[in-house]
Amino acid sequence: MTAQTDTTGPVTTVYKVTGMSCGHCEGSVSGEISQLPGISSVKAVASTGEVTVVSEAPLDEEAVRAAVDEAGFELAGQA
């Protein structure tokens with residue numbers, strides 16, 4: 001695996017999260033993911049089930065999964 005030293009800017013990843021149905025759900029998921037190190041922004045949209053995460057480097061999907069689980073939802077993978 002190559003080092004991430006050649007990354008020149010933020011990384012945007014879109015995840016699918018099941019079970020979100022309202023603004024409170026969006027806030028819960030966003031709040032948990034935003035606590036991960038290196039996160040610049042998080043935007044969850046309940047109507048699509050998509051969570052867009054901007055980070056300094058690629059994220060460990062298991063860390064994102066754990067954060068989503070902590071919020072009470074399920075990560076279905078990358079969109």
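Q: How many bridges join β2 to β3, and which way do they run?
A: In this predicted model, β2 and β3 run antiparallel and are joined by 6 bridges; two strands count as paired if DSSP finds at least two bridges between them. Strands (E, at least two residues) and helices (H or I, at least four) are DSSP runs, numbered from the N terminus.

Q: Which residue stands opposite Ala 44?
A: That is Val 51, which lies in β3.

Q: And what about the turn, how many residues are between the strands of that hairpin?
A: The hairpin of β2 and β3 has 4 residues between the strands, and Gly 49 takes a positive phi near 75 degrees there.

Q: What is the order of the strands in the sheet?
A: The sheet is open, with 4 strands in the order β2-β3-β1-β4 and antiparallel pairing. Because β2 (39-45) and β4 each have a single partner strand, they stand at the edges, and one side of each is left without a neighbour in the sheet. From one strand to the next, the twist averages 25 degrees, where axes are lines fitted to C-alpha atoms, for helices over the stretch in contact, and angles run from 0 to 180 degrees between N-to-C directions.

Q: OK, which residues does β1 pair with?
A: With β3 (residues 50-55), β1 pairs in the antiparallel sense over 6 bridges, and Val 54 is the bridge partner of Thr 12. With β4 (residues 74-78), which also runs antiparallel to β1, there are 4 bridges; here Thr 18 stands opposite Glu 74, while Lys 16 has Gly 77 as its bridge partner.

Q: Where do the helices lie?
A: Helix α1 (residues 23-34) lies across β1, β2 and β3 and runs at about 160 degrees to β2, contact being heavy atoms within 4.5 Å. Helix α2 (residues 61-70) lies across β1 and β4, at about 150 degrees to β4.

Q: What pLDDT does the chain average?
A: The average is 92, and 90% of the residues score at least 70, on the predictor's scale of confidence in each residue from 0 to 100. Among the elements, β4 has the lowest mean pLDDT (94) and α1 the highest (98).

Q: What is counted, and how are residues numbered?
A: Residues are numbered from 1 along each chain as its sequence is written, and side-chain values use heavy atoms, leaving out hydrogens and water. Local features need pLDDT of at least 70 and side-chain atom pairs count only at pLDDT 80 or more, while totals for chains, interfaces and linings use all residues.
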